[in-house]
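Biologist: I am new to this structure. Please take me through how to read it.

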Amino acid sequence: MAAIKRVTTTTLKVLQALHEAGEPTWGVRIMQTSGLLSGTVYQILERLERGGLVTSEWEADSDRRGPRRRLYQLTETGEEALNHVRAIREGVEAAKALAKAQAGLA
């Protein structure tokens, strides 16, 4: 598994959209949930899949009209990475708030 080198705000939005879906979901739904454009979403999904944080598969033939969709889902490693990034971001925000409060007291 390749390590993910950075987690941008847009990558975090894609991870969160996948987490919130709770089941395999397709790219357009991820775009709708995250508010990101297709070029951004699909590049991130590809990178996350190469890193082992996301898996994908083509949906089985269904009665639905239209082309088959590729469905994406977080792996266990992806869930762990999301939780780790959230914890780091919360810590950073708490540190910023503390520094701001301390600056106001000085």
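Modeller: Start with burial: of the 106 residues of the chain, 26% count as buried, where buried means under 20% relative accessible area, exposed over 50% and partly exposed in between (1.4 Å probe, protein chains only). This is a predicted model, in which local features need pLDDT of at least 70, side-chain atom pairs count only at pLDDT 80 or more, and totals for chains, interfaces and linings use all residues. Residues are numbered from 1 along each chain as its sequence is written, and side-chain values use heavy atoms, with hydrogens and water left out.

Biologist: How many helices and strands are in the chain?

Modeller: Helices (H or I, at least four residues) and strands (E, at least two) are DSSP runs, numbered from the N terminus. Here the chain has four helices and three strands, in the order α-β-α-α-β-β-α from the N terminus.

Biologist: What makes a salt bridge?

Modeller: Side chains of opposite charge can pair when their charged atoms come close. The rule asks for a side-chain nitrogen of Lys or Arg within 4 Å of a carboxyl oxygen of Asp or Glu. By that rule the count is four.

Biologist: Which residue forms a salt bridge with glutamate 46?

Modeller: Arginine 50 does, with the closest N and O atoms 3.0 Å apart. Glutamate 46 is partly exposed at 48%, and arginine 50 is exposed at 54%.

Biologist: Is glutamate 59 buried or exposed?

Modeller: Glutamate 59 is buried, with a relative accessible area of 10%. Glutamate 59 forms a salt bridge with arginine 69, at 3.4 Å between the closest N and O atoms.
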